[in-house]
Amino acid sequence: MFKALKRWWKYLAAKVSGSLEERADPKVQLEQAITEAQEQHRKLREQAANVIANQKQLEMHLSRTMGELEKANGNARQALMMSSSAAGSITTRMIELEKSVEDQKTMVLQATQAADQAKAAVQQNSVALQKKLAERQKLLSQLDQAKMQEQLNTAMSSLSESVGQDVPTFDEVRDKIEARYAKAKGMAELQETTVESRMLEIEQASANSEARDRLEQMRTELGIPARTAGAVEAGPTDTDGS
């Protein structure tokens, strides 16, 4: 049961972490990374300063001990010249100081090596930090370009996609307008055809009326009685009486 809960907790933690990572602003994350790098460099400088300070303290201690040794050496010589009983104790002190000087020299040498390594580490980390700071500007510029390109891509894709549930696309509106225009043109052509047919009928009726009038005029000239309403026009008469 405990193992199952532990696995479930790890799963939830990973899921939350992934969600936060997806929603995180890269610019903020970049600044956090730079701030962390600067903080690490500051700590490294403090540690290096402590190492160098230890070296300086050992050097000062060695210098002081060597001064004491030189003074003891002089006192021992003076005591011997004066046949003083203090020459023995002074010599003993001088031997102790000589041993201390040798030990301190070893410690100073080791401290100097550590200080040199600390200085080199600070220098290398400083170069790496400067490189990150320079690269930050490049990354920020790339991030801004990426955002603008994403906005442009979104704008371009919206030209061929529906912008809302109640708003048709550009293509749909265009098809609707073209269909309406085509229908209007078709109706206009039908209207023109109907007008032309009526004009032909009027022209034909006018021609028929004019022909009838001419025919009546010719009958009058020939002395042929005019037709009565409803009479059938007679055909041509037989001139030879047969």
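Why does Glu31 count as partly exposed? The model is a predicted one, and in it Glu31 has a relative accessibility of 30%, which lies between the limits of 20% for buried and 50% for exposed.

The side chain of Glu31 meets that of Arg136 in a salt bridge, with an N to O distance of 3.3 Å. Because Glu31 belongs to helix α2 and Arg136 to helix α3, this pair ties together parts that are 105 residues apart in sequence.

## Arg93 and its two partners

Arg93, which is partly exposed at 42% relative accessibility, forms a salt bridge with Glu68 at 3.5 Å, N to O. Since Arg93 lies in helix α3 and Glu68 in helix α2, the pair ties together parts 25 residues apart in sequence; Glu68 is itself partly exposed, with a relative accessible area of 37%.

Arg93 also meets Glu96 in a salt bridge, at 3.7 Å from N to O, and here both residues lie in helix α3, three residues apart, or about one turn of the helix.

## The nonpolar core

The largest nonpolar core is made up of nine residues, among them Leu58, Leu69, Ala72, Leu97 and Val108. Helices α2 (26–81) and α3 (87–158) are the elements that give two or more residues to this core, and α3 gives the most, with five.

Beyond its neighbours within four places in sequence, Leu97 is in contact with Thr65, Glu68, Leu69 and Ala72.

Terms used
Residues numbered from 1 in each chain as written. Predicted model: local features only at pLDDT ≥ 70, side-chain atom pairs only at ≥ 80, totals over all residues. Heavy atoms only, no water. Core = buried A, V, L, I, M, F, W, Y, C linked by side-chain atoms within 4.5 Å. Buried < 20%, exposed > 50% of the residue type's maximum accessible area, 1.4 Å probe, protein only. Helix = DSSP H or I, 4+ residues; strand = E, 2+ residues; numbered from the N terminus. Contact = heavy atoms within 4.5 Å. Salt bridge = Lys/Arg side-chain N within 4 Å of Asp/Glu carboxyl O.
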